[in-house]
Amino acid sequence: MVPLENFLALSGILFAIGVYGVLARRSAVLVLMGIELMLNAVALNFVAFAAYLDPGQFAGVVIAVFIITVAAAEVGLALAIIIRYFRMQATSNVDEAAALKW
Amino acid sequence: MRDYTLFIPEYWAAAAACLIIAIEIARPSLPRPTLAYLTAIAAVIYGGFSLFYIPNDPESFMGLIQVDDFTTFFRVLGAGTVAITAMLSATHMRHRASVLGEYYGLLLVALIGLTFMAAARELLTAYIALEILSFSFYILVGYARRDVFSAEASLKYILLGGFASAVLLYGVSLVYGVSGTTFYDGIAAGLADQGGDMDLAMIAGLMLIIAGVGFKVSAAPFHMWAPDAYQGAPLPITAFLSTASKAAGFALILRLFSASFVEEGESWRWAVAGVAVLTMIVGNLVAIQQTDLKRLVAYSSIGQVGYMLVVIAAIGYGGPEIGEQASSALLLHMVGYVISTLALFTALTAYYDRTGRDSSIRGIRGMAESQPYLALIVTASLFSFAGLPFFAGFATKLFMFQASAEPELLWVIGVAIVASFISLYYYLMVIREMYLFDPEGGLQRFRVQPIMWAMATLLFVGILFVGIYPGPVFELADAAVEPLFQVGADAGS
């Protein structure tokens, strides 16, 4: 059986890639993809913990399903907001969204 | 137990939200402020329903959601906030959006999220409640039509908010991995089994949770969204954001820390104390150089969060007994803060609606000449934020710092007092603009709408009442925090 540490390392790497994506990418859509990666890392963490720590219990798996659902809702909302901004400003670059500062 | 009758106020709020959207679709010709009044009435009825739960013993829905005095406290506080926000929106939002049904519906949905954040006793439930509140805010902040500021504020808020949620969830997953459960009591029991020593993974998870919730209440290293969201949002939503999101965030923090982590204070209290100090300093220093009033209020509210975080640190340093006193003082301060903020925004909304000025500080120049009563209320609420005697902020801050005066925390409280003095400086700058200059553009004296006048007066009386005679509110706050530490102590023993 694959040891738990492997899953945790994978999810840690995924999370770190997601954080990098949020910090380094300048397009709002790609920032959103970074956030999705982070959420997927979390879901993986939950499933791995559920399978290894309390087999037969489904709490962790249920939480993972909830996270996927909420993440889908969040993407829908965020894309709508990005499109709205794009229609006004003809850009989705977060660096150019600087009408509000300090 | 599956007791579905515990959530009758929430059923009502959800039904009223749908009803308000349906009314707008069915009757497009309805005068626009009507929806606002309906929302306010619905919120008041929600508050009325929740009063029926006072005599009951704490009851929980399968251990997930607990309905006790603490929940009732936040139900009533949230209902009042939503009612006043809806009333402020009546004239302000009339020309700023073409469809308003969803706007008012989402206010009520946010109220449900706020309540469940205060009532949740399980991390997933708390997270879902937090997202209900946050999603409502993402939309409400960006609601103003053809307003670039509003769209940009909403964009920044949702991207940073999503990031913070992911960080929070990663923390939750680590806590779940170590303790094997997401129930608050279960976490405490799991920690007790390990002999009081906290696992490194547990500490990491806890820090990530503090970061995630700290984002939601806009504590200092995670506060960057707040000024943008506050400035871009429509004025009533700024009021709602600065009251509801903070009340809900602190409700969640109090529930979680009092139940799960109160016994293991050594491992996290230094982090909260550090965040508190940083939040006070950053909020109050950056506020000095602001030229936009909404942004200034945003930074000043960040400073207020710093004062409130001192209480959370005191729970870590003092244990359950000190924690209980400090928490009830925190709730008292929260009431004073909410009333002062709402009074400030009621006066500002009445003023800006009438004059059509933008929200820069110069916009209120000479307000004492054109509308002296509103200027008085702005002054009173700013003095209350600064903590001058006879206004709400003085008594509540005094109680809060007194209750959390642990020896290790004295320097934090010292910083808080210095920060309060700094805050007085930029509040006085605003007051100076109102009183010492003539109105720009030859603005004449004008009358305020009677309904705004009545609300402003009510809140003004509230500021003075809490400031001069805080006894009754303090007793309510005492009763509200009683169930918190009781349950935590039971699970820990």
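**Helices, core and chain contacts**

Q: How do the axes of helix 1 and helix 2 of chain A cross?
A: This is a predicted model. In it, the axes of helix 1 (residues 4-24) of chain A and helix 2 (residues 28-53) of chain A cross at roughly 165° and come within 7 Å. Angles over 145 degrees count as roughly antiparallel, so helix 1 of chain A is roughly antiparallel to helix 2 of chain A.

Q: Is that crossing left-handed or right-handed?
A: Helix 1 of chain A passes helix 2 of chain A in a left-handed crossing.

Q: What classes of residue are in that contact?
A: The contact of helix 1 with helix 2 of chain A has 19 nonpolar residues and six polar ones. Charged residues are absent from it.

Q: New topic. Which residues touch the most other members of the largest nonpolar core?
A: B:Leu111, B:Met117, B:Val310, B:Ala313 and B:Ala343. The core holds 227 residues.

Q: Which helix gives the largest share of this core?
A: Helix 12 (residues 293-355) of chain B, with 35 residues.

Q: What does B:Ala343 touch?
A: Leaving out residues up to four places away in sequence, B:Ala343 touches B:Ile377, B:Ala380, B:Ser381, B:Ala456, B:Leu459, B:Phe460 and B:Ile463.

Q: How many residues of chain B are in contact with chain A?
A: 29 residues of chain B are in contact with 34 residues of chain A.

Q: Which helix supplies the largest share of chain B's side?
A: Helix 6 of chain B, with 18 residues. By class, the side of chain B that touches chain A has 16 nonpolar, nine polar and four charged residues.

Notes:
Residues are numbered from 1 along each chain as its sequence is written. Chains are lettered from A and ligands numbered from 1 in the order in which they are written. This is a predicted model: local features need pLDDT of at least 70, side-chain atom pairs count only at pLDDT 80 or more; totals for chains, interfaces and linings use all residues. Axes are lines fitted to C-alpha atoms, for helices over the stretch in contact, and angles run from 0 to 180 degrees between N-to-C directions. Helices (H or I, at least four residues) and strands (E, at least two) are DSSP runs, numbered from the N terminus. Angles under 35 degrees count as roughly parallel, over 145 as roughly antiparallel, 65 to 115 as roughly perpendicular and the rest as oblique. A crossing is left-handed if the near helix is turned anticlockwise from the far one by less than a right angle, and right-handed if clockwise. Ala, Val, Leu, Ile, Met, Phe, Trp, Tyr, Cys and Pro count as nonpolar, Asp, Glu, Lys and Arg as charged, and the others, Gly among them, as polar. A nonpolar core is a set of buried Ala, Val, Leu, Ile, Met, Phe, Trp, Tyr and Cys residues joined through C-beta atoms within 7 Å. A residue is buried if 20 or more other C-beta atoms lie within 10 Å of its own, exposed if 12 or fewer, and partly exposed in between; C-beta atoms are placed from the backbone. Two residues are in contact if their C-beta atoms, placed from the backbone, lie within 7 Å.
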